[in-house]
Amino acid sequence: EVAWRARAFGMEVRWSDALLDLVPAGYEWTRRATLEELLPQVDVLSLHVPLTRTTRGLIGTRELARLRPGAVLVNCARGGVVDERALCEALEGGRLRGAALDVFAVEPPAESPLLVLPNVVLTPRLGASTIEAQRRAGLEAAAIVIEALGRSRG
């Protein structure tokens, strides 16, 4: 979805995926690259990966330094994928123009210096706000209430 929206704004879409070798059907207009190739080519780096052993700290000081000066980082993936201290340094030092985040390594991020930077956009995590997720949460809540009522009659 991000790729389609970026395309609508006339952006050239490049992507990297360590597990996917082929361009997905319908996305032939995108360009695949390794992460190393991708970093110096992009103005906006948008992350969409799970937090795993291999993605923890995926974007740190070295990777941020490889981005174009004035680039923007968007992390809507998982907290821990980006080294927040390195991101803060890149933003404060003017290396990056800005960042947009809805995840942090520690949540809630009460002590994060990213909270006060003027070039950071922070939004609440809405990943579970899909229709399907809300329906599932409602069903789980109803099941818990039914179970509790059944025990109280017991």
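## Largest pocket

Helix 1 (2–8), strand 1 (14–15), helix 2 (35–38) and strand 3 each contribute at least two residues to the lining of the largest pocket. Helices (H or I, at least four residues) and strands (E, at least two) are DSSP runs, numbered from the N terminus. The model is predicted: local features need pLDDT of at least 70, side-chain atom pairs count only at pLDDT 80 or more, and totals for chains, interfaces and linings use all residues. Residues are numbered from 1 along each chain as its sequence is written, and side-chain values use heavy atoms, with hydrogens and water left out.

The lining comprises 37 residues, of which Arg14, Trp15, Ser16, Ser46 and His48 lie nearest the pocket centre. On a 1 Å grid over the protein atoms alone, a pocket is an open set of points where a 1.4 Å probe fits, with protein on both sides within 12 Å along at least five of seven lines; lining residues have an atom within 4 Å of a point.

Strand 3 (residues 44–47) runs parallel to strand 4 and is joined to it by four bridges; strands pair if DSSP finds at least two bridges between them. Ser46 stands opposite Val74. Strand 4 also pairs with strand 5 (residues 96–101) in the parallel sense, over five bridges, and Val74 stands opposite Ala100 there.
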